[in-house]
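Biologist: I would like to learn how to read the packing in this model. Please take one feature at a time.

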Amino acid sequence: MRQSNLFTKTRKEAPKDEVSKNAQLLVRGGFVNKEMAGVYSLLPLGLRVMDKISKIIREEMDAIGGQEVHMTVLQDSAPWEKTGRWDDKVVDDWFKTDLKGGGTLGMAFTHEEPLTKLLRNHIHSYKDLPAFPYQIQTKFRNELRAKSGMMRGREFLMKDLYSFMANEKETDEFHKKVTVAYMNIFKRVGIGDITYATISSGGSFSKYSTEFQTLSEAGEDTILISEDKKVAINKGDYSKTLLKDFNLEGVAFDEKKSIEVGDIYKLGTKYSDAIGLTYKDKDGKEQPVNMGSYGIGVGRLMGTIVETLSDDKGIVWPESVAPFRVHLVSLLVNTDKSKEADKLYKKLVDSGIEVLYDDRNIGAGEKLGDADLIGIPYRVLISEKTLTAGKVEFKKRTNKEPQMLDENELIEKLV
């Protein structure tokens with residue numbers, strides 16, 4: 001893509017009402033636009049990043065048997081009333097809307113109830129189990145105070161998978177598979193070495209759950225980490241009892257701030273009992289389906305990557321989720337050598353390399369500053385000086401010093 005054709009522009013200053021680093025950098029880099037508190041539009045660069053994160057999530061969910069669906073945002077109250085979660089006193093962050101013809105609909109903040117209801121049409125026997133539907137879809141939560149940029153919004157993209165199993169033992173085994181898949185996701189998006197599977201309270205779902213917490217001073221949570229045991233506990237749920245459902249008595253823990261990037265809940269038969277989702281076992285006896293839910297906030301994950309991997313110059317995208325792999329910066333615009341940059345751009349694209357080509361007629365300092373802000377993994381600079389040497393300047397975003405390479409060496413390095 002030619003940067004001159006990109007309708008979005010970078011900004012020198014962050015919006016005055018943005019205090020979180022992730023939102024400041026994403027707005028300044030032209031990845032998102034803030035519509036209102038907790039609500040962001042994805043611009044072309046931001047959408048490319050979000051699509052790549054979603055692709056990684058899809059691959060890992062499909063690998064453990066997940067099947068993607070797309071549920072409705074608008075929600076009938078009936079299944080939610082059966083579980084007690086329609087009442088605003090129980091769930092205080094509903095968005096609800098009145099129909100002109102009478103009645104009220106909700107805008108989904110999660111999908112346990114509607115998916116349980118849906119699976120009544122498809123699960124009748126033990127032969128129909130297990131089932132692992134998931135979706136990557138917009139959710140709505142009427143947060144009292146939307147804050148932390150992309151990490152706590154009122155409208156956001158979320159991956160939620162649900163397991164439907166014959167019994168708790170099978171749910172426990174799948175829980176382990178999802179834990180591995182989640183850690184694969186976080187490793188692939190570049191934050192695996194600072195993300196921990198964390199023991200936590202299950203809240204209204206279950207006695208205990210597994211959270212996935214990424215270390216960050218910008219985090220709203222505090223976790224206790226044991227490097228020896230490779231385990232973490234949410235500080236708010238730390239207790240002698242917990243240390244004893246996990247064999248951690250006497251273990252030394254370090255305290256760290258963190259961002260929750262995913263969670264796993266064992267739901268048991270709470271929702272299947274309320275909504276009537278059962279199956280016939282091998283003896284023909286009706287049994288309630290055992291369930292689990294597994295969430296990752298996709299927008300929150302993008303914000304967390306920016307929050308934890310950026311530097312004082314701007315964003316530092318991992319290759320796996322960067323909007324482009326190479327930022328080609330031409331200092332030959334409006335010179336008789338400008339076609340040499342065009343040729344290099346075509347050569348890179350023809351080699352299957354994703355390239356953002358800065359062909360704008362602006363100063364070198366502004367171009368290089370924008371390249372650091374946008375944070376594409378590799379920068380290739382072409383100028384009168386490099387042409388004279390028969391080379392281009394190649395620099396990894398995280399390195400201080402560039403390398404001088406000829407075009408063939410460049411292609412070989414990138415392909």
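Modeller: Start with Ser226, which is found in strand 11 (residues 221–226); helices (H or I, at least four residues) and strands (E, at least two) are DSSP runs, numbered from the N terminus. The model is predicted, so local features need pLDDT of at least 70 and side-chain atom pairs pLDDT 80 or more, while totals for chains, interfaces and linings use all residues. Residues are numbered from 1 along each chain as its sequence is written, and side-chain values use heavy atoms, with hydrogens and water left out.

Biologist: Does Ser226 count as buried or exposed?

Modeller: Buried means under 20% relative accessible area, exposed over 50%, and partly exposed in between (1.4 Å probe, protein chains only). Ser226 has 2% relative accessibility, so it counts as buried. Beyond its neighbours within four places in sequence, Ser226 is in contact (heavy atoms within 4.5 Å) with Val231, Val251, Ala252 and Phe253.

Biologist: How many aromatic pairs are there?

Modeller: A pair of aromatic rings is described by the distance of the centres and the angle of the planes. Rings of Phe, Tyr and Trp (its six-membered ring) pair if their centres lie within 6.5 Å; planes under 30 degrees apart count as stacked, over 60 as edge-to-face and the rest as tilted. The count here is 13 aromatic pairs. In one of them, the centres of Phe186 and Phe212 are 5.8 Å apart and the planes are at 45°, so this pair is tilted. Phe186 belongs to helix 5 (residues 168–188) and Phe212 to strand 10 (residues 206–215), so the pair ties together parts 26 residues apart in sequence. Phe186 and Phe212 are both buried.

Biologist: Which residues touch the most other members of the largest nonpolar core?

Modeller: In soluble globular proteins, nonpolar side chains tend to be buried together. A nonpolar core is a set of buried Ala, Val, Leu, Ile, Met, Phe, Trp, Tyr and Cys residues joined through side-chain atoms within 4.5 Å. The largest one has 51 residues, and Tyr182 and Trp317 touch the most other members. Helix 2 (residues 44–63) gives the most to this core, with 7 residues. Another core lies apart from it, with 19 residues, including Val355 and Leu414.

Biologist: Which ring does the charged end of Arg48 sit over?

Modeller: A charge sits over a ring if NZ of Lys or CZ of Arg is within 6 Å of the ring centre and within 35 degrees of the ring normal. For Arg48 the ring is that of Phe324, 4.0 Å from its centre. Lys96 lies over the face of Trp86, at 4.1 Å from the ring centre.
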